[in-house]
Amino acid sequence: MVQLNEKNVAAAYSVADTKTKKVLEALFGDVVNHPTPTLDDYKTIQEYEDACVALGESPINETELKKAGVSSHLIALMKIETISRALWGKNFQPTPDPEGTKTYYYPWFAFYTKKEMENMNEDSRGSLLSALALNGASAGFGFLDTNSRSSAAAASVGFRLCQETSEKAAYLGKQFIKLWAEYHMFNFKIVED
């Protein structure tokens, strides 16, 4: 016999995708307690649509964008940029810093095959995709530059995906991992672990 309680349902909701969240909301209503999206608390931004609500913007029209020839990975990037702006909140926006006195944070990711994941322990995992920010004013993440190997990334334009704390950057990476995978996807598929 399986027993459900409010804590278990809330835990399931916190890791569910959008469709599953709708099912949980239909089944359990108030138990789920999805917070109202606001720019005052970045953790209320739990999906792309929340970012749109908090910013007072309409979601992008994916169907029209795809008809116009915009690829899925660029649509994912548009969503991540919107989410990033919402996570900034009301009182933050990254700005160029020619003196190099400010620190901004960006989520980092490691891409592994299933076999590689099975053969490594948690402590040995590293980053295959990273962001490099030089001289303060160049900080940010705007494009990939694969000059040495596929893991090199240069950050020479824009701040749109940077956050002011490592905690927010980690949230941006983990909470929206499927969007990030879709953005970075090239000849691989997304699977649940």
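Biologist: How do H5 and H7 lie relative to each other, roughly parallel or roughly antiparallel?
Modeller: H5 and H7 are roughly antiparallel. Keep in mind that this is a predicted model.

Biologist: What angle is behind that?
Modeller: Helix H5, residues 72-88, packs on helix H7, residues 166-175, at about 150 degrees. Angles over 145 degrees count as roughly antiparallel, so the pair gets that label.

Biologist: And how far apart are the axes?
Modeller: The axes of H5 and H7 are 11 Å apart.

Biologist: Is the crossing left-handed or right-handed?
Modeller: H5 and H7 cross in a right-handed way.

Biologist: Which residues make the contact?
Modeller: From H5 come Ile80, Ile83, Ser84, Leu87 and Trp88. H7 brings Lys168, Tyr171 and Leu172.

Biologist: What kinds of residues are those, nonpolar, polar or charged?
Modeller: Six residues of the H5 and H7 contact are nonpolar, one is polar and one is charged.

Biologist: New topic. How many helices and strands does the chain have?
Modeller: There are eight helices and zero strands. From the N terminus on, the order reads α-α-α-α-α-α-α-α.

Biologist: How much of the chain is buried?
Modeller: The chain has 193 residues, and 33% of them count as buried.

Biologist: What about the surface?
Modeller: The accessible surface of the chain is about 12,500 Å². Carbon and sulfur atoms hold 52% of that surface.

Biologist: Last one. What share of contacts joins residues at least 24 apart?
Modeller: Take the contacts between residues at least 6 apart in sequence. Of these, 50% join residues at least 24 apart.

Methods. Residues are numbered from 1 along each chain as its sequence is written. This is a predicted model: local features need pLDDT of at least 70, side-chain atom pairs count only at pLDDT 80 or more; totals for chains, interfaces and linings use all residues. Side-chain values use heavy atoms; hydrogens and water are left out. Helices (H or I, at least four residues) and strands (E, at least two) are DSSP runs, numbered from the N terminus. Buried means under 20% relative accessible area, exposed over 50%, partly exposed in between (1.4 Å probe, protein chains only). Contact means heavy atoms within 4.5 Å. Accessible areas come from the Shrake-Rupley method with a 1.4 Å probe; for residues, only the protein chains shown count as cover. Axes are lines fitted to C-alpha atoms, for helices over the stretch in contact, and angles run from 0 to 180 degrees between N-to-C directions. Angles under 35 degrees count as roughly parallel, over 145 as roughly antiparallel, 65 to 115 as roughly perpendicular and the rest as oblique. A crossing is left-handed if the near helix is turned anticlockwise from the far one by less than a right angle, and right-handed if clockwise. Ala, Val, Leu, Ile, Met, Phe, Trp, Tyr, Cys and Pro count as nonpolar, Asp, Glu, Lys and Arg as charged, and the others, Gly among them, as polar.
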